[in-house]
Amino acid sequence: MADIKTNLIEELQWRGMLHDIMPGTEDQLNKEMTTAYVGFDPTADSLHIGHMVSVMLLRHLQKAGHKPLAIVGGATGMIGDPSFKAAERQLLDDDSIQKNIAGMKGQLEKFLDFDCGDNSAEILNNYDWFKEFSFIDFAREAGKHLTVNYMMSKESVKKRLADGSGISFTEFTYQLLQGWDFYHLYKEKNCRLQFGGSDQWGNIVTGTELIRRKAQGTAYAATCPLITKADGTKFGKTESGAVWLDPEKTSPYQFYQFWLNVGDDDAKKYIKIFTFIEKEEIDQLIAEHDEAPHTRILQKRLAEEVTRAVHGQKELDTAIAASNILFGKNVTDQLKSLDERTLLQVFEGVTQSEITKADLEGMAEIADLLSAGTDNQLFSSKGEAKRMIKGGGISINKAKLQGSELPKDLELLQDKYILAQKGKKNYCLIKVV
RNA sequence: GGGAAGGUUCCAGAGCGGUCAAAUGGGACGGACUGUAAAUCCGUUGCUUCGGCUUCGCAGGUUCGAAUCCUGCCCCUCCCA
C-alpha cells in the first residue's frame, strides 16, 4: 500500500482549493490510502482551463499518496447537469460524446500516473456501467432510496422551480445518476471520496446519501471554490473564447500569454491553485512581486509552470521566444537570426498571407502591402493603412516604419517572409512566393 | 382602423436646401506614458489611381444644387380604438 505522504486537506486549504468538506473526510484521508474521484462532463473534445482545477485536485490526491479516478461522464453527459444553469441544456448526440470522451481521456493521461503501484490513476467512463442498466432496474435500485422531497431540496433544482423556468424530468434525474456513479465506484473500486467544484456539492452529497442508505457505508465529499477573477468577469475566457488545453484549439503561445496576462491579485491566487510550487517559495514570490509588481514575477512563473505542465518544455521555450520577439524592443536582429522552422513556430498563431514576388515588386507604397498584400487582414482599405502609417503605428520586421515608400532593398526574413505589424499586438506574416 | 413622432456613417445622437463625408459623445484602432496593466493625454475612425467617387430606410420627383423639400413604398416607436 502506498504511503500517505502529506496531509492533503491541509495542503488544499492553504492553496485556497477547499470550499466545503464533509466532516470526517480529513481523518479518512490521513488514516489510509483513499480512492477518490472527480467527474468530467464531456461537453467538448478537449479540456479547457476551467477543468484544470479538477485535474490539479486529482494530481494533489495522487501526490499525497491516494488513488485518483477520473470519471468521464459518457452517460451523465447525455443527460445534462442542471446545476446553476439557467436553462435546460441541449442534449449532445452519441457521436460527439464519444469523440469528446476520447479527446478528454487523451489529455487526462498526461497529468496522472497510471503506473505507480497501488495508487495508480484510472480513467473510467460511466457509460460502461449505465449502458446495461435498464430503467426499471434504475428506478428500483437507485430511485427507491431517495425521496423526491430530498432531491427537490437541492439548490440546483429549487432555483429552477423558483424562477419558473422549470426543469425536465431528465435533468431532475441527473443528481441520482451522479449519485449512482459514486455508489457504483464505492462498491467496485472502494472509492470513498468525491471531489468537485462547489457547484457539485449537492450532487456529491446525493451520492454519499445513496451510499449510506443503500450500502450502509460512509463516503465523503469535498469541493473546491469556483475560480473567479478579481474584476468579476468569468475565468478562463479571452476575447476569442475559452482557453483550451488542445494545442490545435489554443496554441501553446496563446496559452502562455493567457497566464502571463493574469491580473496581480489573480496571479497570487492562481499560482497556488495551478502549480505545485511549495508554500515557502510562493510566499517569497509574492513578497518579491509586491516589491516590484511591474516585473511580474508571479505571472511569468505561473505561465511558465502551467505551460510546461500542459504542453512540455519545448513548447514553453517557443512560447517564451515568441513572446520576447512579439513584445520585446530592439529585436530586429533576433528576428532575423531565427531559422525558418522557429520563425514559423513563433508566428503560428499570427495571421498569414501570401503575395507573389511580382506583385511585391509592383508595389510602390507600403500601404499597398499592408492592405491588399495581407488580403486585407491587417487593413481593410488602403486609406486606413495610410492613416496608420502617418500616425506611426506600423512596424516592418519589428522596425518602426519611417516613410511611406516601399524600400527597394526591403530585407526578407529567410528570403521569403515579411513581418508586418500594426500597433503592439497585431501582426501579419506575409510570405513572398 | 384613427392620430403623433421617427428611420443619419460601428452605436447613441445632431443636422432640416448649398460652407456636409456630415457636429458631439461612446466604442474601436493607433501614438505617448506604463508592467504586453489601469488611469491619463494626443491622433485616426466611408472608398480612392488623391482628379474624384459612393453614402444619411427604399424607389421616384422638384431644384443649378437635397441627408435636408414633394410623392409612393417598407420598417419602427408612442397615443387612441
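Which residue does UniProt list for "binding site"? In the unreviewed entry, the record lists Lys237, with positions in the numbering used here, shortened feature names, and annotations that may be inferred rather than shown by experiment.

Before you click: this is a predicted model, where local features need pLDDT of at least 70 and side-chain atom pairs count only at pLDDT 80 or more, while totals for chains, interfaces and linings use all residues. Residues are numbered from 1 along each chain as its sequence is written, chains are lettered from A and ligands numbered from 1 in the order in which they are written, and side-chain values use heavy atoms, leaving out hydrogens and water.

**Stop 1: Lys237**

Select Lys237 and you land in strand β7, residues 237–238. (Strands are DSSP runs of E, at least two residues; helices are runs of H or I, at least four; both are numbered from the N terminus.) Lys237 has 42% relative accessibility, so it counts as partly exposed; that label sits between buried, under 20%, and exposed, over 50%, using a 1.4 Å probe and protein chains only. Now show Ala242 and Phe258: leaving aside neighbours within four places in sequence, Lys237 is in contact with both, meaning heavy atoms within 4.5 Å.

**Stop 2: the salt bridges**

Side chains of opposite charge can pair when their charged atoms come close. A salt bridge here is a side-chain nitrogen of Lys or Arg within 4 Å of a carboxyl oxygen of Asp or Glu, and the structure holds 21 of them.

Pick Arg308 and Glu304 to see one at 3.9 Å, N to O. Both sit in helix α15 (residues 297–311), four residues apart, about one turn of the helix.

Next, go to Glu340 and Lys416, whose side chains meet at 3.2 Å, N to O, in another salt bridge. Glu340 is in helix α18 (residues 340–346) and Lys416 in the loop between β11 (399–400) and β12 (417–422), so this pair ties together parts 76 residues apart in sequence. Glu340 is partly exposed, with a relative accessible area of 27%, and Lys416 is partly exposed with 27% too.

Then try Lys386 and Glu365, which form a salt bridge at 3.9 Å, N to O. This pair links distant parts of the chain, 21 residues apart: Lys386 is in helix α21 (residues 382–390), and Glu365 is in the loop between α19 (357–362) and α20 (366–371).
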